Number of protein chains: 2
Amino acid sequence: MKTPDELTELFRSNGRKVTAQRQCIFRVLQGDVTHPSAEAVHAAASREMETISLKTVYQTLHDLAELAEIASLDLGTGMTRFDPNVNDPHHHLVCRQCGSVRDLVAPFPELTIPDSAALGFEVGSAEIVFRGLCPDCRAPQPRRARAKVGS
Amino acid sequence: MKTPDELTELFRSNGRKVTAQRQCIFRVLQGDVTHPSAEAVHAAASREMETISLKTVYQTLHDLAELAEIASLDLGTGMTRFDPNVNDPHHHLVCRQCGSVRDLVAPFPELTIPDSAALGFEVGSAEIVFRGLCPDCRAPQPRRARAKVGS
DNA sequence: CGCTTGTCAACAATGATTGTTGAAAAACAA
DNA sequence: TTGTTTTTCAACAATCATTGTTGACAAGCG
């Protein structure tokens, strides 16, 4: 994702208007590695602008996705997640327990399909989703446990 | 997925009751390669039993998934898709246009993560989703076109 | 055959996301 | 700066997939 200033430029040059709300969202997304949901972005933005509406957040996220400045991901966690990292190709680790997402930076084989197997499909992209348990959900806190553990 | 008769056995031995509705759903799923949504299963089942409710379909699909007789997939098409093929491991081709899903039977590298990259994540499984255009959406019918084409 | 318990179907409810609308603010030109 | 046009904002209400609730009913078991 570009910087807030660059995004402001980009939005203007695309005929979109740049409002305080949008710049707030730009800042919130900047460097966010948590793959936030729209709700999470809204919560973070609300800390700066109490009046910002969830609808506005959705709208701006869609705009950013349309301009390919963020990626919108459906990782099976029940809500769309947004990823500001669109510069280096990567895959995702998803925690089955808490739904947290981490980028997996290890490069993977090209994942091209033997044409014989594609059977007429024209394949554009491939994503790998690794599912498992994040460090936090993997083991209960040895002491100072602060929530229920396991199933 | 097992045969309807085997599923009847399995359900009984698990303390679940087997009703005409469930057997109807068993039959509908049998050999279905379209990765149907719950709605699609309901539509197919309704052809045999007009009164079957969508809720019952959801319930039975969840039961089957719990017994690992079908897989429930979130492939980003807006609804959960169900896959009766749980015998041979495979991945999926998803059409961006119409949402149709096809199994990809080509075996893939084990997709294990270099432990250094997992960063504490305990990885249980990996899925690959290939996105592109299915043969039908790829090219308009040369003649006898029967629906609107393209965007 | 009768009892117990799970299941059915018809609701209503949820949660994520999108549509609508009048008011307000951004961009642009003079 | 001011006026004009167009987009965006925020507060609704609506939608879609999915799940919760409940009383009637049927499956399984003795």
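Trainee: What makes a residue count as one around DNA strand C, and which come nearest?
Mentor: A residue is near a strand if its C-beta atom, placed from the backbone, lies within 6 Å of it. By that rule 25 residues are around DNA strand C, and A:Val18, A:Thr80, B:Arg16, B:Lys17 and B:Thr56 come nearest. Two or more residues each come from H4 of chain A and from helix H2 (20-29) and H4 of chain B. Helices (H or I, at least four residues) and strands (E, at least two) are DSSP runs, numbered from the N terminus.

Trainee: How are the residues near DNA strand C divided by class?
Mentor: Ala, Val, Leu, Ile, Met, Phe, Trp, Tyr, Cys and Pro count as nonpolar, Asp, Glu, Lys and Arg as charged, and the others, Gly among them, as polar. The surface near DNA strand C then has seven nonpolar, eleven polar and seven charged residues.

Trainee: Which residues are closest to DNA strand D?
Mentor: They are A:Arg16, A:Thr19, B:Val18, B:Met79 and B:Thr80, out of 24 residues that surround DNA strand D. Helix H2 (20-29) and helix H4 (54-66) of chain A, with H4 of chain B, each give two or more. Seven of the residues near DNA strand D are nonpolar, ten polar and seven charged.

Trainee: What kind of model is this, and how are its residues and chains labelled?
Mentor: The model is predicted: local features need pLDDT of at least 70, side-chain atom pairs count only at pLDDT 80 or more, and totals for chains, interfaces and linings use all residues. Residues are numbered from 1 along each chain as its sequence is written, while chains are lettered from A and ligands numbered from 1 in the order in which they are written.

Trainee: How confident is the predictor in chain A?
Mentor: pLDDT is the predictor's confidence in each residue, from 0 to 100. Chain A averages 88, and 89% of the residues score at least 70. In chain A, helix H5 (residues 115-118) is lowest at a mean of 70, and strand E2 (residues 81-83) is highest at 97. Over residues 143-151 of chain A, pLDDT stays under 50.

Trainee: What makes two strands a pair, and in what order do the six strands of the sheet stand?
Mentor: Two strands pair if DSSP finds at least two bridges between them. The open sheet runs E4(A)-E3(A)-E5(A)-E5(B)-E3(B)-E4(B), with mixed pairing. Strand E4 (101-104) of chain A and strand E4 (101-104) of chain B are called edge strands because each pairs on one side only.

Trainee: How many bridges join the two chains' E5 strands?
Mentor: Eleven bridges join E5(A) to strand E5 (residues 122-133) of chain B, antiparallel. In E5(B), A:Phe130 has B:Ala126 as its bridge partner, and A:Arg131 has B:Ser125.

Trainee: What counts as contact, and how many residues of each chain are in contact with the other?
Mentor: Two residues are in contact if their C-beta atoms, placed from the backbone, lie within 7 Å. That gives 29 residues of chain A in contact with 30 residues of chain B. E5(A) gives the most to chain A's side, with twelve residues. That side has 18 nonpolar, five polar and six charged residues.

Trainee: What angle do H2(A) and helix H3 (residues 38-48) of chain A make?
Mentor: Axes are lines fitted to C-alpha atoms, for helices over the stretch in contact, and angles run from 0 to 180 degrees between N-to-C directions. On that scale H2(A) and H3(A) pack at about 115°, with their axes 9 Å apart. A:Cys24, A:Ile25, A:Val28 and A:Leu29 of H2(A) make the contact with A:Val41, A:Ala44, A:Ala45 and A:Glu48 of H3(A). Seven of these residues are nonpolar, none polar and one charged.
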